Amino acid sequence: MPSSPRVDVTKLEHRADSPFVPTAVPRLSWVTSTDVRDWRQAWAEIEAGGQVVRLDADASVLVAWPFAPLEPGEERTVRVRVGGVDGTVSEWSEPRTVAAAFLAEGAWTAPLIALPTPERQGQPGLLRAEFDVDAPVERAILSATAHGVYQVEINGTAVDEDTLKPGWTAYQWRVIQDTTDVTALLRPGRNAIGVQLTAGWFAERYGFGADAKPFYGDQPSAALRLELRYADGRSQVVATGPRWRGLAGGPVLAAGIYGGQHEDATHALPGWSEPGFDDRDWAPAEVGATVVPVPRSAPPVRAVAELPVVATSLAPSGATILDFGQNLAGRVRIAADLPAGTTITLRHAEVLHQGELDRRSQRGAAATDVYVAPGGPFTWEPRFTFHGFRYASVEGWPGDVPVDAFTAVALSSDLEPTGAFASSHPLVDALHRNVVWSTRSNFVSLPTDCPQRDERLGWTGDISMFAPTAASLLDVDGFLAGWLADVAVEQEALGGTVPFVVPNVSGVFISPTAAWGDAATIVPWTLYERYGDTAVLEAQYPSMTSWVDLVAQAAGENHLWEGGFQFADWLDPTAPADSPTDAKADKELVATAFLFRSADIVARTAEVLGRAQDAARYRRLADAVRAAFLREYVAPSGRIVSDAQTAYALAIVFGLVPDEERRLAMGRRLAKLVRVNGYRIGTGFVGTPFVLEALATTGQQAAATRLLTATECPSWLYPITMGATTTWEAWDALLPDGTPNPASTSFNHYAFGAVVDWLHRGLAGLAPAEPGYRSLRIAPVPLPAFDHAEATHRTPYGTATAGWRREGDTVHVHAVVPANTRATVRLPDGSDAFEVGSGEHTWTVDAPLPASPRLPALSLETALGDIIDDPAAHATVLDVFDRHAPQAARTLRTRSRWEDGLPLSVEFFILPKAVQAAIDADLRAASAADPAPASVPS
């Protein structure tokens, strides 16, 4: 008899980490585990508050709440059991508490309160009040928010371990409510509640140089509501208001997101958040407006990792430099015993230059923390700021600096890891690790560009391109859905234009721009594809249609998006350093391709939401844009007038070319462009996520292999060879000689890491075939440079795996399909696709590699095209030139044209004759001594 399945409730609405939900009808998700193959759910029973509802369906993800809506503040216990079509029945799941975080309409009456008589912009300080508890408390719920960053203490104890609360939103329209059960912190009789308050993002100075200024306001403020429910049925509310007292002072002297934190522990006020504290020197808090917050829908920022010092050095300036071995977003914690008044200064940087911190990538961000020790043992962490760094310098320490006194604390929104990848290529695996770290570093409250400089903004173009990779790595459903709510309100304020950054603190970035503005459609559609979340489509539908309507109007009757500002293929490596928008791919071609992509997405969204008329209208628009694109830019042969890698990649992956013959011709042309470029990156922000997929799906796996595994600059793996632990903003952020690029770019940008999504979906072969992984697509692409690859993903239905291993001409494919799902499988031997049910599966197929060419006879007369086609020949040429002509070798490594028929001697005829003769002799000797086949086929 089959064993019984096991069921676990995994999510309440978007969250797995909290019982508090922002809605009266929270959707439920559960995962069934079983060793029974092809298991499918036939029914489910959901119990809440003693009521049981049976659902005769196979739905188990984001299932509609089947009970009466939750009342404000109500708490229920939920559990689930399921039955399979095979007759197996699970036990009831472990109970999960679900609690309403929302309040009744009009119940939030707590005003924002601020510090009395602040001395400067962004003044940190303390707020406090006392209250009495006159009977046993059954439950006490704290709801709090701030214009700034805050932490609450009750009776001397912090209410949680979360940090940088409530996070950054479009404060003019939306602030987040944090909800915490604080029952255990209360005591009979007199109690005290205190708020530590700093500027955070609200009172930060935005802009560059002397133009930087506060955008939202000069001073932080906070609001909270503590509701006590007594065992005898009574309730009591303690809320911010005129009874509260404040102090523009305390141990934190200054704190900012960009500047860092200055704290003097000799100014500490012991007992300030406990009852009976003497606050007669304090003054009444400044009472402001009442702003109703929205309950949190995604995990807050928390510490997600701790790293020890791995090396130290003494800088020429005399400072001790700590190396934590990993670039990250976070801060340094100190645990030591120092004399009172000892002042320790920590400065942060991503890289070193000439033995000192290279702080140019931080631009105007001081990123400096100062701590004055209280005397005796202490542990200190600057909890009201964060930095992007791998290195920190220590100044002011008496005597030798003990490395075990310092710990790097990595911060990120605490999103559950869901995706993993491993292969036989150590550099590609390192690339994947680096992208994970860059994602974590730039998901601090919202998706940002970088964590280190005086920017850290929610650039729409970055996440527009990166959202699929983010969803392959982390559970970003609620996180990005929350950010999209800010996109919608910022966009509405601009009449449909999506600003370049959200929240839009620039005040000027308001021009409709392709790829950046298309975040309004691409990101919600990605959430639907990866999580099956129709609610985000419904919520964002006005934003999605507003964006497409705006651009369609600009395109006019010819349906081509022409004119206006465009970032285009931003940071194409061939673009001039002083003009990064001047990419090879035509700006208007790129813009029109994205208009098609967004119109197509909105048409599909309307179909999902049952809006038939809208679906037909936007489908007509998408078809008209595609026809215009083909008419304007694509020849019947498949040649694109803007003959650039990005142009072909977008046309292929977006489906702009409906006929297979032209699509394959485009793939061949793209492969040739990649080859002529020396198999190095020739794409920027908008082309890089798609170029490998475009090659692989048009039969150009060899070119995809060479492009992915290249190590010359620019390439995905070049930073790995230079010691990178995160992905970089620019391909050459660190120059080949190890010096930082004078352009001072970020060393922690996730945008170019968007290739990782294809590593999961393509190389390993694990992708959703239906929204939310309701069914899977198993279709690995075994690239020649790899012996094996595997991706694992914690889907909403359970953990799925796909991978392969090569043994000679045989490829072994394996997959794990979660219970209650199925998979469509396409094996790499080219056979027809077939379907399988849940369980573990293995297949073995013949998939011989193409014959590898022999190492060509090398000399100065060998054609450049023949050299670049053969990795072994290319490596030999570089090695010989390194020995005899290092400058010429550097020229070869950066060469952007490897033409057929053009001999190597044409490039280097100006070298001294003796050097040419030595190079020619060594090349001939190398090819004669090692005629072995190349390791990677052309």
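Let's start with two strands: β39 (residues 775–778) runs parallel to β43 (residues 822–825), and the two pair over 4 bridges. Here a pair of strands needs at least two bridges found by DSSP, and helices (H or I, at least four residues) and strands (E, at least two) are DSSP runs numbered from the N terminus. Within this pairing, Leu 776 sits opposite Ala 823 in β43.

Before going on, a word on where this comes from: the model is predicted, so local features need pLDDT of at least 70 and side-chain atom pairs count only at pLDDT 80 or more, while totals for chains, interfaces and linings use all residues. Residues are numbered from 1 along each chain as its sequence is written, and side-chain values use heavy atoms, with hydrogens and water left out.

Back to the strands. β39 and β43 belong to an open sheet of 4 strands, ordered β38-β39-β43-β44 with mixed pairing. β38 and β44 (834–836) are at the edges with a single partner strand each, so one side of each has no neighbour in the sheet. On average, neighbouring strands here are turned by 30° against each other, direction ignored; the axes are lines fitted to C-alpha atoms, and angles in general run from 0 to 180 degrees between N-to-C directions.

**Two buried helices**

Which residues of α4 are buried? They are Ala 519, Ala 520, Thr 521, Ile 522, Val 523, Pro 524, Trp 525, Thr 526, Leu 527, Tyr 528, Arg 530 and Tyr 531. Buried means under 20% relative accessible area, exposed means over 50%, and partly exposed is in between (1.4 Å probe, protein chains only). With 12 of its 13 residues buried, α4 is largely enclosed by the rest of the structure. The cover over those buried residues includes α2 (460–473), α3 (477–493), α5 (534–555), α6 (587–608), α13 and β38 (766–768). After α4 comes Gly 532, with a positive phi near 65°.

Helix α13 (residues 756–764) is also largely enclosed, because 8 of its 9 residues are buried. Among them are Trp 758, His 760 and Leu 763. Gly 765 follows α13, and its phi is positive too, near 90°.

**The cores**

A nonpolar core is a set of buried Ala, Val, Leu, Ile, Met, Phe, Trp, Tyr and Cys residues joined through side-chain atoms within 4.5 Å. The largest one has 189 residues, and those with the most contacts inside it are Val 476, Phe 594, Trp 716, Leu 763, Phe 881 and Leu 904. Helix α6 gives the most to this core, with 12 residues. Apart from it lies another core of 28 residues, including Ile 113, Leu 127, Ala 146 and Leu 228.

Leu 763 is in contact (heavy atoms within 4.5 Å) with residues including Phe 421, Leu 708, Trp 758, Pro 780 and Trp 804, leaving out residues up to four places away in sequence.

**Aromatic pairs**

Rings of Phe, Tyr and Trp (its six-membered ring) pair if their centres lie within 6.5 Å; planes under 30 degrees apart are stacked, over 60 edge-to-face, and the rest tilted. That rule gives 36 aromatic pairs. Here are two of them.

| Pair | Centre to centre | Between planes | Type |
|---|---|---|---|
| Trp 65 and Phe 67 | 5.2 Å | 75° | edge-to-face |
| Phe 654 and Phe 690 | 5.3 Å | 75° | edge-to-face |

Phe 654, in the loop between α8 (645–653) and α9 (660–676), and Phe 690, in the loop between α9 and α10 (691–696), are 36 residues apart, and their pair links distant parts of the chain. Both Phe 654 and Phe 690 are buried. Trp 65 and Phe 67 are buried as well.
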